[in-house]
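Here is a briefing on a predicted model.

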Amino acid sequence: MIRAVARAFLLLMIAAAAHADTLDEAIAALAKRVSARLEASETARITSRNISSLPTAEVAKAQTALTRALQRRVRNPMQVDLILTISENVRGYLLVAEIRRENETVVEMAEFQAPSSAAPVRAPFTIESKLLWEQETPILDVARLSDSTLADSMLVLDTAGLVRYERREGKWERAAAVELPVVIRDPRGRLETSADSITIQEPGTACTVPIKMTSPAQCEDGGQFKATRNTQDLHDWRGEFFSSAELGGDSVVAEVDGRIHIYDGAHAPQAVFDGWGSEFAMIAACGGRHIAATAAGDAASSDSIALYELANRTPMRVSEPIGFPGPVTALWPAGDGAMAVARNLSTGKYAAYSLTLDCSR
Amino acid sequence: MRRTALRSIAAANAVLALAAGLEAARRPRYGGELRVEMRAAVASLDPAVVPDDPAALGAQRQWMPLVFETLVSLDNHGRPQPWLATSWTHDAARKAWIFQARKNVKLHDGSIWSPPGGSIMVPDDRPIEQILRELAGARSAVTVKAEDGSLLGTGPFRIARWEAGKAATLVAHDQYWGGRPFLDSISVQMGRSLADQASDFQIGKVEAVEIAARDLRAPKQRGTTIASMQPLETVALQFDGGRVPAPVRQALSLSIDRTAILNVLLQKQGETSGALLPRWLTGYSFLFPSERDLAKAKQLLPAPQSLTFGYDRQDPVIRPIAERIAVNASEAGITLRQGAGAIDVRLVRLPITATDAWLALQDLTALLKVAPPSPAANSYESEKALIDSSGVIPLFHLPRGWMLSSRVRNWPRFDEVWLDVGAAQ
Amino acid sequence: MTFRTKLLFISSFTVAGAVALVTGAVSISTRRAFDTIDRERREALLTQFRDELAARSVEVARRVELAAASPGVQQIAAGAAEYDRAQTEAVTADLDFLDVVEPNLTIISSAHWPARFGYQNDWQIAPDDWHTSDVFLARIPTPEGSAMALMAVRPVAGGKALVAGGRRLSPELLKSLGVAPGMRALLWLPPGEVIDAEGSVRDAQKLAPLIQDVRSTNAEATGSVQWTSDRRSSEAFLALPITRAGTLAGVLLAGTSLSTQLGLERSILRTGVVVGASGIVIGVLLGWWTTERITRPVERLAAGARAVAGGDLSARVEVLSRDEIGELAQAFNRMTEQLLEQRERAIQAERVAAWRELARRLAHELKNPLFPLQITIENLQRARESSEFDEVFRESTATLLAELGNLKTIIGRFSDFAKMPAPQFETVDINEIVRGVMKLNDARLKAEGGATVQPRLELTSGSTQIQADPDQLRRALGNLVLNALDAMPDGGTLLVRTALHDGGVRLEISDSGQGLTEEECQRLFTPYYTTKQHGTGLGLAIVQSVVSDHRGKISVASASGRGTTFTIDLPWTQADSLVVTGESA
């Protein structure tokens, strides 16, 4: 019963949206009202500002349209300031025109619906995940080595150390290992490989081993992870943070307050939002740059990763989320995709996945 | 604003998803009693009774639709949707509207709700938008008086026990026209302070308690969920009578550093505003100035002023705001002092009770004891007139926050809420 | 003042003076002793306070240092804590005040005034104090007003922030000092709060002059304050400035109640008064007994002397002792006896003299008429034989009858003088009597034989009504007028004046005659004494008798060639005399 009612509700809602004013119609209605408020000798000098989620292009369009609609030929015109504000409310968008004279301000408004805002979000991308490795010990990072001299190798960094596996006869077999124990709650780590060496970042330490791992690791204090913590600290303007990515000149930082902060190129704060987990990674694929982010859940619940883009510094989901059987404990860029580690709440094991984008849709 | 819009859109999408059968990962479970505590003490859910206490009014508007329904309901976008009336049309003379009653709607005593002729005539020649809006308001809820004098409703829950201002138990209406709710019952404890609610939650006595806006960001404990709803409360300064001259009120408003209070005391939960209604509802709240101008405030005051200041000292949200306002005001030469007797200015929380500006203003005018807005008037003009006539100074719009047991699903749609027995406590 | 009174005063003053001196000396000694003890106690109290303040300062510094090093405060400094976190940290550190501020003194979190975050910490202390390691007194603004506190400032997290913490300076600090009974410690804190161990001090404005003294000199001062109208409420204070960097941060006052001292002084005074009064009483009694032994006989002697002066020569003084006073009394008695004998002899002699004078006068008066009598009778004897006997008989009998008439007149005058009656007093007007007598003598005044006497009356306008015998007064006045006329045979002026004088009326009769010599004045009132060729010499004696009967006085003033004035003073009333009321004659 409820579904029938809800379907009716849905139809009605969509039907209402179809009859709502468009931006053009709203501009026309607003222009008419504003013209009625202007004196015969007055002309409007329009400035605009956008405090809605409407894209910048639409705003410029609105201003141009209103300017054109209010054009009039007046001898010895007296200019009055008109501030056009595009705002937003529960019903849709709102155009607010403030005619500011010396001793009074007159306000006119017009509402309109953005056709796309009422519809469900379409997801242009699909994330594909592939299991790379699973083990009992918490996995910090996994990297596939493409160096032909090492055959098909995979590096697995976990809380015990670094292990290199080689694929032999369809199975992964342990080939070399370096002990680098991490005794910490919520441990983090990162692998960076070059032609001849591997850099291991762990909380409070950065170690280097030869690519073939034939000699012990050379470690020194510091590194990108803060000692005895689960945060990163690159000793720069970001301070301590969980994750960070650069996108479109902005920096997206998951800070220790649990929120996602966006800073512009000058490191000035621009926006803050919630809704993501602490792990995200920038993926450059399908002709663009996107951020794969976990959901804002906790370690006791299953997790998901979805792809996002930023529109006016607001995250827009551009893929369906993919689920995991437990919390995602690590998410790193990897090539043109990402590497995710999740804990299986049922089995307690840690599994590493390779994430790639399907650009066909 | 944008994330608020997204939130409302997401909420709408969530509704859509449910309605279209796009279930979440787990299916809802029937049964269980949801135990809730709240600060407000509501005397009655009778739609005709409009409480004087803002908190009680807000709570009443929140809970009343569970018991008493309207012909028309507002969706999350403030648009009227069929509810107890399935359609409406005007009569031949275009002087009245005829609303078709939904069929097979059972009252709480099991009898059929059947208006004469299966329809309700509303003689009114105003535009239908205004009529629908009014019919969606709480005051227009459908009630039927039972033989024992009690009120019967059609909502998904019926009142099983009511202790005015103290406690209530709502039990599921098995024959609800929209399908029995998942919960067997909801038990509500009223008049509980935030501290008491928190401690009851800690010991597992309840599943849902209110939290202060500033605590929305606090680290949540294991097994809890923090739910925040878009700003549903306006914190404002209300002046009693005409004792305080307009320049003093204006000076006080200009002296308040709203941004500092929002950032520090409210932990950026909410928004500053000079409007009574939040931006998510109207979109034009920015037209009401709210910036601090201490120099202008001092210019408006010919001499130092002293006003008696009233606020709920037990309210952990209001009290620090009030203390900070007193510090700000002192810079402009206004002393806000606590005292007995007549109170010149109070810091109050005004509820936003509807997703329609006019309906919300109607309730606010009742609280502020001024004339209600004209249905034909533009909501901006009405709000402006209300602020000017009552002398109220809006300060902030705060979200409503709840701390929920992890068992609680689909909060805050009470007809959709269910308790997950598998979730960790 | 009598001798006895003088003696009593002297003895009283002697006793009172001695007691007053002793009391004063004891009071002064007592006061000095108290002052010394109190001063020592107050200084001890001040020392104790300084020590206590120093100890608390060390404690405050330690707690603030601990707070600065605590994770909570460091979180606040890093901006990672809620705005009111300082309240929790203050409780943990057991501090009343705890402000965490940025280096520019912007408050990050304040324990006592959480709402002031973001504001400058604008205490009334110098900016340099934020970087001092001393513990100092400061006035901290609070939502309720302000409070004085012992404060310390320490850097946090290597100077990224500063924490200022402290403890309120409360009456508890003063309560912790052990003070002797009757003493207390007060603390004056700017701008004008005064507290003691119980809290705010009432009527603290009475300490204002003493505190102002300390403030202006920045040095110790003493003074006392009387709290109520009862002097025993007074309290002596020693005030000590509490300074920091040359600025007065407060004043410590050590007070001692003066009620015990004043009570003791009052007791001493009371005792002195009692002893003095007792001494005076004893002195009076002793003096009275002493003077009784001395003055009573002297008084008796004085009474006896007065009696003798009053004419009672029979007065005798009782001799009760054998000392000098007794000898004096005996000598007095002997003196009065001798005086009595002498008076009697004098009276006797006067009587003899008066009789002789009377006999002489009588002989003289009688001789005149007797000689013609003898001549006449001899003429008759001779004429018996002659023919002219009838004529001689007629002339001789006429002469005999005239001379016998003269004899009768003379004898009548003497008789009148001898048997002058007792006066009959009634209310009479002297002025009227004067006018009556002058009218009666009007004819004589207007010349007999050509010499006119000009009468002048100068009668007072006041009432001259007295109690007198009008007839006798007229007679006396008439005699005086006649004497005056007799003294001006060639004419002159007769002045009669009346005047009011103390106790009665004065009557003056003045002539412008040739006057009297001194001897004549002295003998004027002796009976039968006269300066006239003819006259009995009784006129003035009668006048004197009348005046004496009227209890008046008469005197004469004269100088040769200048006339004579008789002055008679008569009293208003005649006490103890029979007053006849009726019309005056």
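Leaving aside neighbours within four places in sequence, Leu98(C) is in contact with Ala67(C), Ala86(C), Glu89(C), Ala90(C), Ala93(C), Ala111(C), Val163(C) and Gly165(C). A second, separate core has 54 residues, including Ile127(A), Val178(A), Phe280(A) and Val318(A). The model is predicted, not experimental.

**Largest nonpolar core**

- The largest nonpolar core holds 157 residues.
- Six of its residues touch the most other members: Leu237(B), Ala360(B), Leu98(C), Val100(C), Met151(C) and Val163(C).
- Val163(C) is also one of the contacts of Leu98(C).

**Chain B**

- Chain B has 425 residues, and 48% of them are buried.
- Its secondary structure comprises 11 helices and 20 strands.
- Of the contacts in chain B with a separation of 6 or more, 67% join residues 24 or more positions apart.

**Helices 9 and 11 of chain C**

- Helix 9 of chain C spans residues 430–440, and helix 11 of chain C spans residues 470–486.
- Their axes come within 10 Å and cross at roughly 50°.
- Helix 9 of chain C and helix 11 of chain C are therefore oblique to each other.
- The crossing of these two helices is right-handed.
- Helix 9 of chain C contributes Ile433(C), Val434(C), Gly436(C), Val437(C) and Leu440(C) to the contact.
- Helix 11 of chain C contributes Pro470(C), Leu473(C), Arg474(C), Leu477(C), Gly478(C) and Val481(C).
- By class, this contact has 8 nonpolar, 2 polar and 1 charged residues.

**Helices 6 and 7 of chain C**

- Helix 6 of chain C runs over residues 259–309, and helix 7 of chain C over residues 324–383.
- The two pack at an angle of about 10°, with their axes 10 Å apart.
- Angles under 35 degrees count as roughly parallel, so helix 6 of chain C and helix 7 of chain C are roughly parallel to each other.
- From helix 6 of chain C, the contact takes Ile294(C), Pro297(C), Val298(C), Leu301(C), Gly304(C) and Val308(C).
- From helix 7 of chain C, it takes Ile325(C), Leu328(C), Ala329(C), Phe332(C), Thr336(C) and Leu339(C).
- The residues of this contact divide into 10 nonpolar, 2 polar and no charged.

**Contact between chains C and B**

- Chain C gives 8 residues to the contact, and chain B gives 8 residues.
- On the side of chain C that touches chain B, 6 residues are nonpolar, 1 is polar and 1 is charged.

Conventions. Residues numbered from 1 in each chain as written. Chains lettered and ligands numbered in written order. Predicted model: local features only at pLDDT ≥ 70, side-chain atom pairs only at ≥ 80, totals over all residues. Contact = placed C-beta atoms within 7 Å. Nonpolar A, V, L, I, M, F, W, Y, C, P; charged D, E, K, R; others polar. Core = buried A, V, L, I, M, F, W, Y, C linked by C-beta atoms within 7 Å. Buried ≥ 20, exposed ≤ 12 C-beta atoms within 10 Å, placed from the backbone. Helix = DSSP H or I, 4+ residues; strand = E, 2+ residues; numbered from the N terminus. Axes fitted to C-alpha atoms, helices over the stretch in contact; angles between N-to-C directions. Parallel < 35°, antiparallel > 145°, perpendicular 65-115°, else oblique. Left-handed = near helix turned anticlockwise from the far one by under 90°.
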